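This briefing walks through a few local features of one model, grouped by topic. Please keep the sequence and the structure in view while reading.

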Amino acid sequence: MKKNVLFIAAALILNACGAGKALMSVEKSTIVASIDLINVVEDRVQVDLNPGAFTTSTVIFRIPKTVPGTYSSDNYGKYIQDFKALDYKGAELKATKLDDNSWSIANGVNLDKVQYWVNDTYDTENEVEDAVFSPAGTNIAVGSNFMLNLHGFVGYFDGFKEVPYSILINKPADLIATTTLSIEPNRKPDSLWDGFLAKRYFDVIDNPIMYAKPNTESFEINGITVTLSLFSPNNVYKAADLKERMKSMMGAQKKFLGEVDSTKEYNILLYLSDVNIPDANGYGALEHHTSTVVVLPEAMDIGRLEQSMVDVVSHEFFHIVTPLSVHSKEIQYFDFNDPKMSQHLWMYEGTTEYFANLFQVQQGLISEDDFYVRMLGKINNAEFYDDNMSFTEMSKNILEQPYEPNYANVYEKGALINMCLDIILREKSNGEKSMLWLMKELSMKYGTDVPFEDDALFGEIVSITYPEVDVFLKQHVIGDTPIDYEVYFEKVGLATNDVQESTGYFFDGQIPYMDVDVQNDSVVFIRENIELNSFFEDLKLQGGDIFKTINGQDINLETLRPIIGESFAWTPETEISMTVVRDGEIVAVEGVVGQPVKKVKKIVPLQELSQKTIDLRNAWLKN
């Protein structure tokens, strides 16, 4: 999307077409945005925007309602306070607020600048409904951190989203910026002021800035310089703690992608939130062309933090393929305040999520069994959404009801759609073609600066693939027919079967089969929202049963603990007797404890497969 634009010509065209937009003078075609991180007042920072000169009487200024990658209406204008439009003498011009995100300024020919205060989102997430997703949010923490997702700070004037921006930031001397924005080339070094350039407004919001005390690590991955900048409020983690895992993971991603290469620089801005104070709690990440913002809890242990970073960052990095490279005109010319959504979330998010899992098994980061568990998990998770909803209809209308609540299915069924298409392509091409091959083909035809027509993509895909792809898309992506995943698993010699797995007597791993009613004498009861193991089922115990005695011992939370401890030494022949309260009546049970197992569904290989099927599965998971 980054390209040189003849800004003045674009402005003249708008005027000639009768768009009614203000025409900016040729001499002052750069908008200068100043953000003051030094003089913070009540957790707010002041922003000035100097747009140069206008020649029309009315000027419209906007802060985004929606930004690419969020698929939600967040209304960042709600965090703008004390908006003022000032003339060249410093006097206020009349500014009328049109909606949460827009202001109409009268007597625009005299407009010198707009000025306003910005509140952040992180410390208010628990106070508001429909809070901004943290990786798309903002943070103002004096002396320690400023998360500048610039769509929350810098707005635009109607008709001038293609005009370049100069962004000047007055910042604390001990905080450094991590961003992929270009540094102003003619600006003299200054410890208190940073200067950045953006070619157009999209580049402003596409390049977040994180200010924090130095805590960064950089490494090279096949020609890409990756910088990890980490903010840990209680200094629990350093960027160096994650460097090697990130380097290994991103190296595997680059090997998976091969010649796909749309950036020479990539930044990971990792914000670790403090769960003990009002702070960011929308964990995840938001993609950009050359960076990603990640928010995770600082309370994570290093193992969980590393795995979360692998899963989250790998997804965001794969967005360099789609939608950051392959995308429709709705993405290329995104309307931040009246967005027209594309119908291809199955690709933008689904392909990306599928690749984020597939590359790990192909590059040996996880086992085939681990990959099957992940895919089965997505099948199970997809059941919580409307399986009879057209994916293209959902995507086009994702900001509206009843489609919006189904958004998260793009990471579940969206990935599964891509899995099925991948298997179809492998099968029809004798293992040679795949979804990665398809995305490379589309990247060569379209790419960063050439969007496709939203309605034309499926035709393009079918023209270079197979009739079976056309049938699948019409039935399961455009259409509303649920997918029978067993059909596609069978093609690669797999099936979903019930198998038995060992559990503990009272716990399934870390998950207890019991719960405690602290409001009622701390009685212990069997949970009703969990499938019980054979220990409970063989004794004819049920969800909701309240433990009264075990082996003659009255049961409460304290007396149950030693029994749980003893259970680790039980043998299958150990005898047990219990009394429970069920529907107000005492029920006595007794028997041997047995060997506790649970019934689970798993994706497992079929037996007696042909070599062709084995080769197809290997092509899918190993090539």
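Thr66 lies in the loop between strand E3 (59-62) and strand E4 (80-87), where strands (E, at least two residues) and helices (H or I, at least four) are DSSP runs numbered from the N terminus. This is a predicted model, in which local features need pLDDT of at least 70 and side-chain atom pairs count only at pLDDT 80 or more, while totals for chains, interfaces and linings use all residues. Residues are numbered from 1 along each chain as its sequence is written, and side-chain values use heavy atoms, with hydrogens and water left out.

**Thr66**
- Thr66 counts as buried because its relative accessibility is 0%, buried meaning under 20% relative accessible area with a 1.4 Å probe and protein chains only.
- The side chain of Thr66 reaches the backbone oxygen of Ser72 at 3.1 Å.
- Beyond its neighbours within four places in sequence, Thr66 is in contact (heavy atoms within 4.5 Å) with Ser72, Ser73, Phe334, Phe336, Pro339 and Leu399.

**Hairpin**
- Strands E29 (residues 575-582) and E30 (residues 585-592) run antiparallel and are joined by eight bridges, pairing being assigned if DSSP finds at least two bridges.
- Glu575 has Val592 in E30 as its bridge partner.
- E29 and E30 form a hairpin with two residues between them, and Asp583 in the turn has a positive phi of about 55°.

Technical notes:
Buried < 20%, exposed > 50% of the residue type's maximum accessible area, 1.4 Å probe, protein only. Polar contact = N/O pair within 3.5 Å; in protein donor to acceptor, adjacent residues only side chain to side chain.
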